[in-house]
Amino acid sequence: MSALDIATVEVPALALRLSLLRGTAAYVAYIVDVDAISQALADLRDELSLVADLEASILYVQDAHALLAQLSISSDKAVLIDAGSFASEDWATLDRQRSQLAHAELTVFVTVRDCFAELMRAAPNLASWLGAQVFANCSSGPSIDDVRQRRLKALRAWADKSDQDVIDLATRNTLPRDPEYAEWLVLLGRSDLIA
Amino acid sequence: MGGVGSGKTTEILAAQRGLEALDDGFSAVYLDVSKQHDITKMRPGAVIVQVGIALAQRMDGKLVQEKQRLIEIAHGYQTQRWYEDDDGDFESVPGILSPPDVFDDDVIRALIPLRPVVALMRETRPHIVVLIDGLDRMTDMAAFDRIASHDVKALNGLGIGVVFVGPLRALYGLDRIITQRFDTYQYQPWIDLAKGHSGREFLSSVLARRIGDDLLDPDVRDALVGSSGGVMRDLLSLAQAACVEAYMSGADKLGLDEATIAINTFGRKHLQGIRPSEAAALKRVHQLGDFVQTSEEDLALLMTRRVLEYRDERRVRYAVHPTIEPLLDILG
C-alpha cells in the first residue's frame, strides 16, 4: 500500500456522497480491484437507487469510442462506466472529445489503479473535471483516518515534537507560524487553538 | 491559450456575448470544432466548412443550396463522371471531415459556397467574427499550423475575424513560431496569489457568492483559496469536496477539518501515476522555483497542472500545485 494511495470509501458511503452531487453533472472516479469491478458497479447502482432515488445505467464498454456511442443514448440517468480496461489512448480520446462526454447527471468511472494512473497522464482535462471526487475501495487504499494518522506521523518527524507539545505551545500562544503547525492542530481536531 | 481549467471557453463565450451586444453590425458565432469532428484528423478546410455550415444555419432557410453544398463537402458525396460512349460512372468524393487526399483544394471547395453565405449575412450584420473552441485539444502541432496557415488565412481573406482557443503546447519550444501566424494572442493565466491581494480577493469573492459567511469562516475560505493555486476550477472543486465532507461528518458549517480532508484528497489524486523523474522535477520546482521545459514529460507537468506557471508582462514564475506541496516528502 502506497503512502499516496487514494482514500478509501465503501460503496454505501460513496453512494451517499454521490447523492449530494446529483444533478450537478459531476465526474467521479472509483478505483477498485480488477475482479471487483462488476460487483462494485452493481452495488453502486443499487445504493444510488436506495439512498438517492437516483436511477443509474451501467455501461460495459471495451473502449472510449464504444463509450461515446452509448453515452449519446443514455438520457438523463446517472452513468456508471466499467473503465477497467481503458488504455492510455482511450483516456486521450475521451479527453479530446470531452464535449461529447457532457451529461446532465453524474458520470462515474469505475476503474483500476493502473488505468487511473493512465488517465492522469493522458487526460489532463478529464482529470481536472474529476477534481477531488476520486475514491477507492477498502482493499485498494487507506481509510481517511489512515491518511490523517500518516500525515500526523510525518509532521511529528518533521518537527521532532509530540502532539501534546504542539497543543501546549498553541495554548501558550508560542507556536511557530509555520503553516504545518496549523495543519497539525486541524488534524488533531484542535483548530480552536489556531491563532 | 491557457492551461486546463483556466477559463478559456468561459472567456471566449463572454467575448461572443460582448460582441453580439456591441451593436447591430456584429455577428459573433461560437463554434466548437471538436464536437462534429475528430481533431486528430484535422486538416485544412475542416474549420472553414464547419464555419460555413454554422453561418448558413443562421440564414433562416435561405441559401439552402449553398448550405447543402457545404454539408456535402464536409461529409462527402457522390458525383457522376460522364464519358463519351457511356452513361457515366458514379464516384464517391470523400468529405473534408474525414481523412483527406488533398489539402489546399478542400479549402477552395469550401470557400465557394461560403462566399454567398457571408455576403448575405453582411447585408444585415457587416462585421462577422467567429470564435472557435476545441482546437486546444490538438496535440499535432503541424496540423494546427496548417489550420492556422490555410483556414484562418482564407477566413481572414473573406473579412471574417477569427478567434481561436489554441493548444498550450504552442507556447513552448519550437512550436512557439505558430503564434506568429496570428495578429495577436492572449494567454489565459492562472491567478498568481503571491502577487498582491487582488487575486485572493477575487477568488474569495467567487467563493463567497456560492457559500455564505454563515457556512464558511474567512480562515477556511483562505485555506481553500490558497490551496487552489489560483486555478478557478480547482477552487470550486475543493469547495465542493469540502462541502461533501461537512455533510458526511454532520457538521453545521464547513470547517478547517473538512477543508483539510478535501485538500489532501485532491493532492493525492493529483499525484497518481507520477513517475520518479517527474517527482524529482516537482521537488526541484518546490525548492528552487526552477523549471525548464525540455521534454514532453516536462510539458505534461504543466498540462496536468502539477506545476503551475504564472505569467505577467515582466516575468514567469513556477510553483507546484499547493495541494501537492505537503505530499512531496512522501514521494520517493
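In which sense do S1(B) and strand S4 of chain B pair, and over how many bridges? In this predicted model, S1(B) and strand S4, which covers residues 127-133 of chain B, run in the parallel sense and are joined over 7 bridges. Along this pairing, Leu31(B) faces Ile132(B) of S4(B).

The pair belongs to an open sheet of 3 strands in chain B, arranged in the order S1-S4-S5 with parallel pairing. Strand S1 (26-32) and strand S5 (161-164) of chain B each have a single partner strand and stand at the edges, so one side of each lacks a neighbour in the sheet. On average, and with direction ignored, neighbouring strands of this sheet are turned by 20 degrees against each other. As a general point, strands of a sheet pair through backbone hydrogen bonds, in either a parallel or an antiparallel way.

Helix H2 (residues 46-56) of chain B lies across S1 and S4 of chain B, at about 125 degrees to S1(B).

S1(B) itself is mostly covered, with 6 of its 7 residues buried. Is Asp32(B) buried or exposed? Its relative accessibility is 10%, and because buried means under 20%, Asp32(B) counts as buried. The side chain of Asp32(B) makes a polar contact of 2.8 Å with the side chain of Ser99(A), and another polar contact, of 2.7 Å, joins the side chains of Asp32(B) and Ser34(B). When residues up to four places away in sequence are not counted, Asp32(B) touches Ser99(A), Asp133(B), Gly134(B) and Arg137(B).

S1(B) and H1(B) also take part in a pocket lining. The second largest pocket has a volume of about 830 Å³ and is lined by 32 residues. Of these, Gly7(B), Lys8(B), Thr9(B), Thr10(B) and Arg233(B) lie nearest the centre of the pocket. At least two lining residues each come from helix H6 (124-130) of chain A and from H1, S1 and helix H8 (232-249) of chain B. H1(B) gives the most to this lining, with 4 residues.

Notes:
Residues are numbered from 1 along each chain as its sequence is written. Chains are lettered from A and ligands numbered from 1 in the order in which they are written. This is a predicted model: local features need pLDDT of at least 70, side-chain atom pairs count only at pLDDT 80 or more; totals for chains, interfaces and linings use all residues. Side-chain values use heavy atoms; hydrogens and water are left out. Two strands pair if DSSP finds at least two bridges between them. Axes are lines fitted to C-alpha atoms, for helices over the stretch in contact, and angles run from 0 to 180 degrees between N-to-C directions. Contact means heavy atoms within 4.5 Å. Buried means under 20% relative accessible area, exposed over 50%, partly exposed in between (1.4 Å probe, protein chains only). A polar contact is a pair of N or O atoms within 3.5 Å; within protein, one must be able to donate a hydrogen and the other to accept it, and residues adjacent in sequence count only if both atoms are side-chain atoms. On a 1 Å grid over the protein atoms alone, a cavity is a set of points where a 1.4 Å probe fits but cannot get out, and a pocket is an open set with protein on both sides within 12 Å along at least five of seven lines; lining residues have an atom within 4 Å of a point. Grid points are joined across faces, edges and corners, and a volume is the space filled by probe spheres set on the points.
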